[in-house]
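Hi everyone, thanks for coming.

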Amino acid sequence: MTEVLKLCTLKALILHVACGASAWVVTNSTDTLSAATNFTDIDSALKHHLDTANIPKTRRRRYISQNDMVAILDYHNKVRGKVFPPASNMEYMVWDENLAKSAEAWAATCIWDHGPQYLLRFLGQNLSVRTGRYRSILQLVKPWYDEVKDYVFPYPRDCTPRCPLKCYGPMCTHYTQMVWATSNRVGCAVHTCHNMNVWGSIWRRATYLVCNYSPKGNWIGEAPYKVGVPCSACPPSYGGSCTDNMCFPAVNSNYLYWFK
């Protein structure tokens with residue numbers, strides 16, 4: 001069976017979209033952090049995560065294929081460039097290898113939850129899991145965008161159930177993270193989990209997708225972007241460059257570090 005259902009549907013045989021994605025968190029997080037992990041910036045937090053993560057030095061294949069990377073990135077930018085109402089400050093999203101490596105480190109744990117907690121103070125995160133064959137990696141990504149049908153700009157209002165304790169009703173925080181204007185970097189990883197505990201059920205050969213975003217979005221009381229003429233409110237660092245309704249960075253390629 002390969003039908004895709006949302007994670008909030010408890011009776012689903014195939015769960016697809018994780019709940020909560022570190023949604024609507026505030027800077028003064030109440031998460032308990034040890035002194036060793038009380039980081040003040042994303043770079044030090046990422047470095048600690050990658051230094052301590054149990055990632056195999058040699059893998060049969062990369063944590064995500066080039067085709068899947070391109071598909072995920074292009075889909076995000078397609079969605080970001082076509083938001084309605086139109087965005088005046090939407091930034092073009094680029095691939096980030098460190099975010100991808102941190103996503104792989106978490107995906108390799110095969111834990112069906114967001115984490116690690118200390119990183120979620122700095123990163124946004126969307127998750128998908130499914131069993132059965134699939135034709136395209138976008139089958140694990142598109143349900144995040146599909147939440148747009150339950151979203152009314154500028155705030156999610158009633159589409160933010162807290163999971164898993166209150167996991168019912170519509171959600172849209174995966175969509176808002178995808179289109180958060182200042183979240184301009186993404187890195188994802190796909191991992192096959194041979195025995196994954198998904199809310200008490202053991203799934204054999206589950207395909208687990210983790211996408212990390214930076215800077216993180218979904219801040220309480222903030223809209224995902226500013227409404228206006230596309231690119232009319234781009235940060236000065238973009239130098240007025242605009243493409244497909246997005247502030248375009250001064251780089252030649254998203255794949256700059258891919259073939260290192």
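Let's begin with N218, which counts as buried at 0% relative accessibility; buried means under 20% relative accessible area, exposed over 50%, and partly exposed in between, with a 1.4 Å probe and protein chains only. Before I go on, this is a predicted model, where local features need pLDDT of at least 70, side-chain atom pairs count only at pLDDT 80 or more, and totals for chains, interfaces and linings use all residues. Residues are numbered from 1 along each chain as its sequence is written, and side-chain values use heavy atoms, leaving out hydrogens and water.

Now, what is the phi of N218? The value is positive, about 60 degrees, although N218 is not a glycine. N218 lies in the loop between β4 and β5. Helices here are DSSP runs of H or I with at least four residues, strands are runs of E with at least two, and both are numbered from the N terminus.

W199 also has a positive phi, near 55 degrees, and is not a glycine either. You'll find W199 in the loop between β3 (185–198) and β4. W199 is partly exposed, with a relative accessible area of 35%.

As background, most residues other than glycine have a negative phi, and most peptide bonds are trans.

From S214 to P215 the bond is cis, with omega near -15 degrees. P215 sits in the loop between β4 (201–214) and β5 (242–243). Another cis bond joins G115 and P116, with omega about -5 degrees. P116 is in the loop between α3 (97–107) and β2 (124–130).
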